[in-house]
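Open the model in your viewer and keep the selection panel at hand. We will go from stop to stop, with something to select at each one.

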Amino acid sequence: MDSRPLNVLLVVAVAQDEADIRQKLGGARNALFAVHAVASLAQAFKLIADKPFDVFLIDLAVPDSDGIHGLQRLIAAAHYAPVIIITSIYDESQALDVVRAGADDYVVKSRMNAAAFERVLSYAIERHGVRRQTDLQLAVSRVLAESQNLPDACDGILRVLCESLKFDLREIWRIDNSANLMFHARSWCVPSRRHLQFQALSHISQFRCGEGLPGRVWQTRLPQWIDDVTECDYFTRIPAATAAGIRGAFAVPLGLFQGIFGVMTFFSHERKRIDEQLNNFLVSIGNQMGQFMARKVAEEEREQIGRELVLILDSTSEGIHGVNPAGSITFINQSAARTFGFSREEVVGKNSHALFHHTRPDGTPYPESECPRSNLLHTGKSHSTDLDYFCKMNGSHVAVSYSATPMFEGTQVSGAVVSFTDISEKRQMEIELRHAQKLEAVGGLAAGIAHEINTPIQFIGDNTRFLQDSFRDGLEMITKYHEIRQQVQNGPVHPDLLRDLDAICRKIEWDFLVTEIPKALDQMLDGVKRVATIVLAMKEFSHVDRSAEKTPADLNKAIESTLIVSRSETKYVADVETDLGALPPVSCYLGDLNQVFLNLFVNAAHAIGDVMKVTGKKGLITVKTHQDGDGVVVTVRDTATGIPEGVRGKIFEPFFTTKEVGKGSGQGLALAHAIVVEKHGGTLTFETAMGQGTTFCVRLPTNGAPATKEVVAL
Amino acid sequence: MTRIIFVDDEVRILEGLQRMLRPQRHTWEMAFAPSGQAALQRMEATPFDVIVSDMRMPGMDGAALLKSVCEKYPSVLRIILSGYTELEAALNAVPVAHQFLVKPCDQDTLQSAIERATSLNSILNNKRLESIIGSMQQLPSLPKSCMEMREALADPTSDSHRIARLVERDPAMSAKVLQLVNSAFFGVARNVSDINTAITYLGKSILENLVLSVEIFRVFRPTKPIPGFSLEELHVHAQLTAKMAGHVAGDKTIRGLAMVAGLLHDVGKLVLAEATPEHFARAPAQKKKIARYFKSKKN
């Protein structure tokens with residue numbers, strides 16, 4: 001404790017009382033009290049404005065006191081020191097009132113002796129000091145709790161401390177660990193021109209660990225007192241401090257055991273000796289600020305992570321939204337909001353099914369109970385699909401592929417994340433691509449089919465022309481016969497006529513005609529049949545699946561038609577053998593299956609054709625069908641080189657082709673696979689042996705199993 | 001007797017042709033082969049004047065057969081008779097086929113095509129010339145013309161008029177274009193005799209294909225200069241004649257025909273300069289000699 005006398009301001013109206021109290025206080029040990037006496041509150045306020053006091057003694061009977069109001073005014077003006085009420089007569093209710101109003105004690109003059117005064121005043125001062133520290137601690141805590149960030153907190157703390165502590169200048173220093181330096185962060189001082197230079201120097205100063213007052217605190221992690229900075233060997237800013245009139249200094253670390261974030265320094269114009277109480281108090285505030293800083297840094301990191309997450313989510317082209325266990329939207333990223341046509345504010349908190357999934361594309365309502373995406377909140381099983389439709393704000397639908405994944409807290413589903421891609425453009429492209437593929441297949445066949453038809457037409461025409469000529473020749477002969485017949489009726493036939501007839505017969509080569517005409521007629525009929533067969537096969541091949549439902553069909557017939565249509569592709573490279581077993585009707589989309597068979601036949605022909613270019617030998621394509629349980633099996637075998645190991649896994653992938661540019665789009669097998677597997681619930685597999693050939697095997701259920709997946713309509 | 005061999009992998013076609021063309025049996029000697037190999041065997045045994053082949057056949061196809069015939073028997077006239085309408089396949093046969101016919105093809109068309117082709121040989125009446133003409137796949141063009149043509153085809157902004165103007169200046173190109181457009185593949189019903197129409201029918205993409213893949217236009221590159229012959233001069237002369245012929249014809253309907261006639265009237269020189277430059281080099285001297293001879297006769 002300080003050993004200077006405690007300044008007492010005595011406010012009493014009666015001179016006798018003043019003398020009495022002076023006398024009693026003067027009897028205290030070691031001239032403890034220096035007493036200043038006034039006779040009115042007005043005089044008291046004048047003195048308070050000039051110098052601080054350690055304690056006030058007031059008789060509320062002074063003329064301008066106005067009872068308890070005088071006390072309140074005094075406390076408002078000098079809250080830093082305790083106020084003790086002295087009275088002549090003890091009044092219980094008045095005693096309670098004054099203590100409630102903030103007085104530290106209530107004593108009756110006549111009962112006080114010197115020892116009692118000394119005790120009452122000392123205790124009041126101590127009690128008041130403790131209370132003030134508690135108040136300060138509370139204020140600091142409030143500042144820290146209310147501050148949003150570190151600068152705010154620093155400003156608030158400095159303000160609170162400056163209001164309460166008798167320091168003239170305070171600074172906060174921030175440690176930058178990456179630079180291993182300490183920089184000035186905040187400062188506050190009693191407004192005075194004297195402080196400017198020192199403040200300016202602080203602003204541009206930086207300290208290494210161990211350097212100067214802040215550096216020493218950083219290094220030792222302990223509070224430091226300096227009685228007089230001008231005499232301190234490690235204080236670095238002596239000239240500026242001298243100019244500012246600074247003598248005493250005190251610094252505490254801001255931080256906890258795990259490390260310090262900064263240092264708070266206090267300067268005073270007076271020399272300061274170590275004040276144990278203040279020291280402890282400021283150290284505890286340093287700890288509190290350290291805690292605050294640690295918390296704020298963690299919060300800022302968390303916020304930064306949050307901001308980055310939002311940024312990442314907003315930057316992805318996928319639509320992402322989260323729902324809580326009740327199915328309400330908790331988060332939606334920019335892409336999702338844009339796809340749906342809502343603003344984020346409009347959708348957060350609303351039920352996601354009711355907002356995005358309420359109707360199917362055909363316009364029928366989509367009950368939430370049937371929605372696997374909503375159900376996963378109960379089942380906890382993730383759900384994904386390549387095709388579904390979400391509703392937009394304007395009522396239209398958007399085709400999406402999405403995956404919905406539940407989030408767990410422990411074993412409880414705490415929500416779900418739905419991430420989707422708008423595939424409407426992709427689908428449009430798919431439709432166009434498949435259409436193009438179909439056209440390509442048909443177009444590739446057209447030239448071949450034309451050839452197949454033109455050939456019989458050519459020889460039908462040739463033979464017709466021959467018959468025309470032959471008939472003219474025959475007519476000539478028959479005319480001659482008529483002539484002879486008429487002559488026979490009238491008498492003997494002139495031998496010249498018979499000679500003429502013989503000559504005509506020879507000329508027209510009648511014997512030749514007799515043998516050739518029946519052959520020509522046979523070939524013509526055969527030609528007509530061939531054309532009819534091709535035309536019929538084309539009609540069957542180009543079967544349009546009119547209804548959306550599968551219809552029963554004879555696959556053997558379909559295979560035969562497709563073989564005829566693709567004959568121009570196969571006949572130059574391979575013989576075709578068929579072994580078509582009895583099949584039950586198969587419920588299917590026949591037009592699509594024809595495409596599948598065509599692809600398999602043409603692929604086989606192309607594969608064999610490649611071999612033939614080397615060997616010059618025709619290959620063999622074997623097509624077999626048989627019933628197998630409740631399904632049918634179609635196998636197409638070729639005698640080409642087989643599929644190399646490296647590409648076996650890829651042959652059903654779209655755009656994968658081994659054919660030369662222009663010969664295949666790489667869509668055929670991918671499309672065939674989609675048709676068989678996804679549209680018909682069947683399988684499309686293959687066995688291959690290098691150098692021996694490949695067998696493709698189509699397995700289809702007869703009952704028309706439901707499509708596993710909606711496939712783009714062809 | 002004109003000796004004709006028909007080749008088709010479909011025997012019924014051969015039998016049908018045989019019956020249909022029976023009335024020609026007194027003027028044509030006809031043979032029928034079911035494959036390219038069989039046809040070459042027959043030709044080895046007996047000489048033929050004309051070959052009529054299908055395009056799409058197993059083993060050796062029509063283009064390969066005609067190419068082989070062109071090399072071995074250049075004087076044989078080569079005709080494609082195909083039911084296969086795919087243009088790309090047909091393009092392979094462009095350099096080696098004299099004529100293209102499309103199935104179904106009636107008797108008159110076939111007959112007139114064969115007769116027209118053989119009539120040239122009977123006019124020439126010279127085995128050597130027949131061989132020279134028969135083995136010539138393309139007439140040569142000026143390097144400049146070829147370059148400009150390639151540029152025009154590569155330029156996406158060029159239209160058929162620009163290309164037509166380039167073709168019109170070059171007799172070789174004009175001849176090829178007219179041959180192509182009048183072949184059955186393009187299905188042009190009437191005879192096309194002016195270049196502009198021909199180019200419009202062919203279309204830029206087909207022409208590009210023809211120029212780049214089968215090189216229907218070839219640059220004239222004599223191994224050594226031929227005295228008395230300049231392709232540039234020939235071009236100038238041909239163009240001038242074409243213009244004058246067009247002017248003389250006057251009437252719009254035959255004007256195009258007249259211009260083409262003018263353009264092509266000296267095409268024989270091109271053939272001779274290309275195929276027998278040493279003979280051609282002697283021609284001017286011969287010409288002087290003949291002139292002197294007639295002069296002396298007059299006197």
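Start by selecting α1(B), where eight of the ten residues are buried, so this helix is largely enclosed by the rest of the structure. Buried here means that 20 or more other C-beta atoms lie within 10 Å of a residue's own; 12 or fewer makes it exposed, anything in between partly exposed, and the C-beta atoms are placed from the backbone. Helices (H or I, at least four residues) and strands (E, at least two) are DSSP runs numbered from the N terminus. To colour the buried set of α1(B), pick Arg12(B), Ile13(B), Leu14(B), Glu15(B), Gly16(B), Leu17(B), Arg19(B) and Met20(B).

A note on what you are viewing: this is a predicted model, in which local features need pLDDT of at least 70, side-chain atom pairs count only at pLDDT 80 or more, and totals for chains, interfaces and linings use all residues. Residues are numbered from 1 along each chain as its sequence is written, while chains are lettered from A and ligands numbered from 1 in the order in which they are written. The model scores ipTM 0.73 and pTM 0.55. Chain B has a mean pLDDT (the predictor's confidence in each residue, from 0 to 100) of 83, and 94% of its residues reach 70 or more.

Next, show the interface. Here 21 residues of chain B are in contact with 19 residues of chain A, contact meaning that C-beta atoms, placed from the backbone, lie within 7 Å. On the side of chain B that touches chain A, helix α1 (residues 11-20) gives the most, with seven residues.

What does Asp469(A) touch, leaving aside its neighbours within four places in sequence? Its contacts are Arg22(B) and Pro23(B). Asp469(A) is partly exposed, because 18 other C-beta atoms lie within 10 Å.

Zoom out to take in chain A, with its 22 helices and 23 strands. Of its 714 residues, 32% count as buried.

Then find the open sheet of five strands in chain A, which runs β18-β20-β21-β23-β22 with mixed pairing; two strands pair if DSSP finds at least two bridges between them. At its edges stand β18 (574-580) and β22 (683-689) of chain A, each with a single partner strand, so one side of each has no neighbour in the sheet. From one strand to the next, the twist averages 15°. Select β22(A) with β23 (residues 693-701) of chain A: they pair in the antiparallel sense over seven bridges. Within this stop, Thr685(A) has Cys697(A) in β23(A) as its bridge partner.

Two helices come next. Helix α20 (residues 590-615) of chain A packs on the sheet and touches β18, β20 (619-628), β21 (631-637) and β23 of chain A, its direction making about 150° with that of β20(A). Axes are lines fitted to C-alpha atoms, for helices over the stretch in contact, with angles from 0 to 180 degrees between N-to-C directions. Helix α22 (residues 668-680) of chain A also packs on the sheet, touching β22 and β23 of chain A, at about 135° to the direction of β22(A).

For the last stop, return to chain B and select helix α10 (residues 195-202), whose buried residues are Ile195(B), Ala198(B), Ile199(B) and Leu202(B). After α10(B) comes Gly203(B), with a positive phi near 85°.
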